[in-house]
Amino acid sequence: MTSKQRAYLKGLAMNLDPVFQIGKGSVSPENIAAISEAFNTRELIKVSILKNCADDPRQIAEMVAERTHSQVVQVIGKKIVLYKPDKDKPKIILPKA
């Protein structure tokens, strides 16, 4: 993903509310399954990390992205934005590099 594409996705993500929260249990298989399921209806997802989670948000973002086959768009504080294009009918058209 180019920086231009990432900037475009960041702009789209500004208005999104977090769909998931990760708490003190950190990343569980249930969280991964729920996030993967959400990618069936959306391409861009915001995840919130609660204050009682001791893990590093950037490490959590990489782990979730790897397990859901998505890409990390950004990590700001305790908010993560993930992107996974729809294989059949992409709703978000990324600008060309």
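1. The expected span of a helix is taken as 1.5 Å times one less than its number of residues. Helices (H or I, at least four residues) and strands (E, at least two) are DSSP runs, numbered from the N terminus. Helix 3 has 12 residues, and its first and last C-alpha atoms lie 16 Å apart, close to the expected 16 Å.

2. The model is predicted: local features need pLDDT of at least 70, side-chain atom pairs count only at pLDDT 80 or more, and totals for chains, interfaces and linings use all residues. Residues are numbered from 1 along each chain as its sequence is written, and side-chain values use heavy atoms, with hydrogens and water left out.

3. Pro57, Ile60, Ala61, Val64, Ala65 and Thr68 are the buried residues of helix 3 (buried: under 20% relative accessible area; exposed: over 50%; 1.4 Å probe, protein chains only). Viewed down the helix 3 axis, these buried residues fall within an arc of 130°, so they line one face; the arc is that of the directions from the helix axis to the C-beta atoms. Gln59 and Glu66 are exposed on the other side of helix 3.

4. The cover over the buried residues of helix 3 includes helix 2 (29-38) and strands 1, 2, 3 and 4, where contact means heavy atoms within 4.5 Å. Just after helix 3, histidine 69 adopts a positive phi of about 60°.

5. Four strands form an open, mixed sheet in the order 1-2-4-3, two strands being paired if DSSP finds at least two bridges between them. Strand 1 (20-22) and strand 3 (71-76) are the edge strands.
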